[in-house]
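Welcome! Please take a moment to look over the sequence and the 3D view before reading on.

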Amino acid sequence: MNTEGLVEVVLPGKVEPEGLQLRHGAVPVAGPGQVVVRMEATGVSFAEQQMRRGRYYDQPPFPFVPGYDLVGTVLATGGGVDPGLTGTRVAALLKVGGWSSHVRVDAADVVPVPDGIGAAEAETLVVNGITAWQMLHRRARVRAGDTVVVHGANGGVGSVLVQLAQAAGARVIGTASERHHDALRERGVAPVDYRAGDVAARIRALAPRGVAAVFDHVGGRGIVDSWRLLAPGGTLVSYGSASTRDDEGSKQWPVLKLLFRVWLWNALPNRRRAYFFNVWAGRALAKNRFRARLRSDLTQVFAAFQRGEVSAQIAAQLPLTRAADALRLAESGTVAGKIVLNP
């Protein structure tokens, strides 16, 4: 008999972190093709910081349970699902719903976590790892000997990008605030202070002939500088609009502006490519292909972790009931790595 209860964190509307609410209920039951996962670790992503401001471009209507991804153990399986999955540690990319003690998810959407990787370690690698892997290998196709620029090199996605790029044999120039420069140098990254003015000129001094790829999560006006840093044959991957997090007005507009710019650049005959990366692209049209690619890429990231090519940067671990403190800490910009929530 299962005496566990459900605990989840609800985002009721546009609120400060302290406005998050706790809700208790019954543990969900697995339907056909589904599993119920007992959450062991979920995380705070940049998406939740945007969602609480109503600024994530395709968030559901309030109220909802945030939580972009999770790692946990399969508690129960529904009809048509291998019962042998029960007791397996799995990871899932969700977009919303992860800040919950128990989550019902399609069995086809869970990816096994290899033995020897802890729940919190694996959690740091789900959304950040898939995003970094796909941008590096599926979009920019970075090769040994390339020079690449990673904006926000100490961030969640940025730190994984840096390590995967180095594992592929690339030289990395990384932007970050001054306090992170020593840590970046220790990793073999050439650091550039993004607050020190004319970042593009500083990067050009380090790579006079241009770079093979730029990974830009900032968006806004700086994206033009990122494009101009590319060498012929280079690729710009834009994967967000962090610079507009605190703006008012349309949440779609910054993204539409980026998409238009990318389209325009790609229409010009200039031997360079631009992409706006969205980890969910292709899911609506080809769900099975999307799932197969996600499973394959996350499995590659876990393997890279096991080989020591990628580290799991855990900035802090807090209980789910302290989600407000975790979100506040993530937004402070004072920590490096992922803030993980445990049940």
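Predicted model: local features only at pLDDT ≥ 70, side-chain atom pairs only at ≥ 80, totals over all residues.

In one of them, the ring planes of Tyr56 and Tyr57 are at 25 degrees, which is under 30 degrees, so the pair counts as stacked. The centres of these two rings are 5.3 Å apart. Phe62 and Phe64 make another stacked pair, with 5.6 Å from centre to centre and 15 degrees between the planes.

| Residue | Relative accessible area | Class |
|---|---|---|
| Tyr56 | 6% | buried |
| Tyr57 | 24% | partly exposed |
| Phe62 | 29% | partly exposed |
| Phe64 | 7% | buried |

Buried means under 20% relative accessible area, so Tyr56 belongs to that class at 6%, and Phe64 does too at 7%.

Tyr56 and Tyr57 also belong to one aromatic cluster, together with Tyr68, Trp280 and Phe290.

Now turn to helix α6, which spans residues 199-206. Which residues of α6 are buried? They are Val199, Ala200 and Ile203. These three cover an arc of only 95 degrees around the axis, so they sit on the same side of α6.

What covers the buried residues of α6? The cover includes the strands β8 (147-150), β9 (171-176) and β10 (190-193), along with helix α7 (222-228).

Methods: Residues numbered from 1 in each chain as written. Heavy atoms only, no water. Phe/Tyr/Trp six-rings, centres within 6.5 Å; stacked < 30°, edge-to-face > 60°. Buried < 20%, exposed > 50% of the residue type's maximum accessible area, 1.4 Å probe, protein only. Helix = DSSP H or I, 4+ residues; strand = E, 2+ residues; numbered from the N terminus. Arc of directions from axis to C-beta. Contact = heavy atoms within 4.5 Å.
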